[in-house]
Amino acid sequence: MTRRKGMDRRQFVTTTGAAAAALALGPTILIKRPQKTLKIIQWSHFVPAYDTWFDKYAKDWGTQKGVEVTVDHISLADLTTRANAEVAAQQGHDLFQFLSPPGAFEPQVLDMADVVRDAERAHGPIIDLCKRATYNPVTHKWFGFSDNYVPDPGDYLKSIWTEIGMPDGPKTWEDLVTAGPQIKAKHPEIQIPIGIGMSQELDTNMATRAMLWSFDGSIQDADENVVLKSDQALEALRFGVRLYQAGMTPAVLSWNAASNNQALNARQTTYILNSISAYRTAQDNKLPVADDIFFVPALKGPRGTGRASEHVMGIYAIWKFAQSPDVAKQFLLELVTHNREAILASKLYNFPSFPGAAADASTALAQKPAAGNRWMEQQTSNDPFGSNPATKLKPIGTALQWATNIGHPGPANPAESEVFDTFVLPTMFANAVTGRMTPEQALDDAHKQVKTIFEKWRAKGLVAGGSKDKA
Amino acid sequence: MKFADREDLLGAAMLGPALAYVILLVGVPFVLAIMLSFSSATAGSLTLTWVGFHNYSTILADPIFLRALRNTAIVTIGSQVLVIVLATAAAQVFRAAFHGKRAARFVLLLPWAVPVSLAAIAWTWIFDSTFSVINWTLRVTGLLHGWLYWLGEPGLALFAIIIVQAWRIFPFATVIVLAGLSSIPQDVVEASIVDGAGFWRRLFKVELPLLLPVIAVAVLFGVVYTATDLGVVYILTGGGPANTTHVLPTLAFQRGVLGADLGQGAAIAVFLVPFLIVVAVLMLRVARRTEVGAGGIGAR
């Protein structure tokens, strides 16, 4: 008779106790960082080729400098959540890339003034819209370092717009109202003739701001006073109602950030406000619609103002608790030096925050910004990534004339960020266009919310203004 | 006497990790949430400034919060009503012997096993306002002549959320009800058949009353899962259109994490606590009633 082998209670306690102790103590033994390290976190780029380039660039840079570099990519939608987690834990990555101004995190990040200064010494000045998105004039702190921004043009289907007599696409917001019923009549199979989102997502945030600014309204003035409640904003809202009735359906109230791309590529809408990502996706997937997608700059409002928000902006922050802040700053400076490669890797999705960094390296410093802008114009006028015709991206080359920052005409501050992230403007427009509120009520409701948010951040000393807030 | 032989110490040591887990991952965050709800804390700062009941008075005056509170109740109750009906029906089906029963049970359990976020993404496509497969099917079969904007109209969007919540919880409820059915004494069922009770009478007059404590457990679990769920609403509608489908967890997330107002976000989240305490007490009571020998099904 064989005796069954087993484990008595003493053996079990000894074994499990030892295992538990090893598990508990293991990480404390292993986590010692062997050499200089740099941990980077950023979004999974809409153009995957950019991530491939960036990861290789970062690795090669690390090898060259004797730094162990790790790059983590996460979804755009997870960036804020992740940033909150890192701040709460007081540990995480050395370089954290945001895609919109991280004003709320200002107390937790290092001042990037020295990096901006060094970059400007090497490449010339940072463009104004990027400065206003990363510099707080109240605290005089650079709370982020922007290496790129992305324009937000209009994307339209040329064949459809040609049929209604506008082969070059719309030029004014009013053109959209004119076109909507005509497209509906000629193409009943197109569900949403005009695809401007009215939901709680990124693209709608940009589109509603573009509409507001082009009608000469804004959330704040240049001195950070709340001025949303204005005749101009009311005019924009009333226009939004007309636009919705002329060319949209309730589908736009439920859109997420990818919906307008999908609708355009499926020919279920003929005009959207977006970066070139929808087009590049169509190209990459060899969709026939790619050749039919063309671009227009920001549409003009009733008095000729044409403004559009930057679609996203790459802004790196370095936490106060980062373990390798100096290495991180060095990395950023050299990354900007390779801006031309980065722009091409992104297939012209990224535009330079320091135009001079896109110039040929041998150009004299004083000429660099102009040379960089010229290079961008050349690239967009003759797209090296297979556009048909190659001049298709030319309207985007004019982005500096109409693109602006969140917070325009003032700086991007924590209050503007909260208004942005809690979708106050998309909700205001959605309330008006669906008739849940009159335009006056929707504006009044949004204005009250905005004022409360601004007052909160002013109390923290991060936002100026207040004396000229509208009642 | 060695440590391994001391049952009192050994018991405490073995219970310790579980207790530490609950304290660290449930207790501490809960206390932190209450502290945050009385502060003006923001996402980018580690300082807590006491503001008393300011956050609570602010949200109570906020129509978006009141709507989220109402939606939480509507979604929770609506989905649980559906769950009871579906789980009872499914349990009746799975009680019977039929070919392919094992495969069918496996398929039934899938919604329970699939991660909520993945399932919600799939449902987002099913309910997509432009490409909805439901609309397409209804139009092809001639049952729909217009177009249903599932996630673009508040009423339809809430209905869609209820459907998804019920879909993900009913397999669990079905398993519980099935277990309950198998514990009903066979002689009681047979006696009702002998007395001439048909299927419906047997179901409503004999089985359901006996199953009530079990169904209550399933429903109470479902209530907790639904009322505290962030994923389904966040992925399906994001709280839209125009903030009309927010539930408390999504609004707390939007205000606290995305909007950086941790104090207000925490206050919204803490509003769930009294409600969940009542549910927890009910759960414990029902669980006690169903214990063998305590007057439950197995007690007789």
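What share of the 471 residues of chain A count as buried? In this predicted model, the figure is 54%. The model as a whole scores ipTM 0.85 and pTM 0.88.

Among the contacts in chain A with a separation of 6 or more, 74% are between residues 24 or more positions apart. The secondary structure of chain A consists of 18 helices and 13 strands.

The chain is divided into two domains, each made of two stretches of sequence: domain 1 of chain A takes residues 37–149 + 311–381, and domain 2 takes residues 154–309 + 406–459. Taken over C-alpha atoms, the centres of the two domains are separated by 28 Å. Each domain gives 17 residues to the contact between them. On the side of domain 1 that touches domain 2, the elements giving two or more residues are α5 (128–134) and β4 (135–136) of chain A. That side of domain 1 has 9 nonpolar, 5 polar and 3 charged residues.

Chain A also holds an open sheet of 6 strands with mixed pairing, in the order β2-β1-β3-β11-β6-β12. Its edge strands are β2 (68–74) and β12 (351–352) of chain A, each of which pairs on one side only. Within the sheet, β11 of chain A stands between β3 and β6 in the strand order. Strand β3 (residues 95–98) of chain A runs antiparallel to β11(A) and is joined to it by 3 bridges; here A:F96 has A:A317 as its bridge partner. Strand β6 (residues 145–150) of chain A pairs with β11(A) over 5 bridges, again in the antiparallel sense. In that pairing A:F145 is the bridge partner of A:Y316.

How many of the 6 residues of strand β11 (residues 312–317) of chain A are buried? The count is 6 of 6, so this strand is largely enclosed by the rest of the structure. In a regular strand the side chains alternate between the two faces of the sheet. For β11(A), one side carries A:V312, A:G314 and A:Y316, while the other carries A:M313, A:I315 and A:A317.

The next level is the contact between the two chains. Chain A contributes 34 residues to it and chain B contributes 28 residues. On the side of chain A that touches chain B, the elements giving two or more residues are α1 (9–30), α3 (79–89), α16 (414–421) and α17 (424–433) of chain A. The largest share, 4 residues, comes from α3(A). By class, this side of chain A has 12 nonpolar, 15 polar and 7 charged residues.

Confidence in chain B needs a separate word. Its mean pLDDT is 88, and 95% of its residues reach 70 or more. Over residues 292–300 of chain B, however, pLDDT stays under 50. The model has 20 contacts beyond four places in sequence for this stretch of chain B. Where pLDDT is low, the predicted coordinates should not be read in detail.

Methods. Residues numbered from 1 in each chain as written. Chains lettered and ligands numbered in written order. Predicted model: local features only at pLDDT ≥ 70, side-chain atom pairs only at ≥ 80, totals over all residues. Domains from an automatic or database assignment. Contact = placed C-beta atoms within 7 Å. Nonpolar A, V, L, I, M, F, W, Y, C, P; charged D, E, K, R; others polar. pLDDT = per-residue confidence, 0-100. Buried ≥ 20, exposed ≤ 12 C-beta atoms within 10 Å, placed from the backbone. Pairing = 2+ DSSP bridges.
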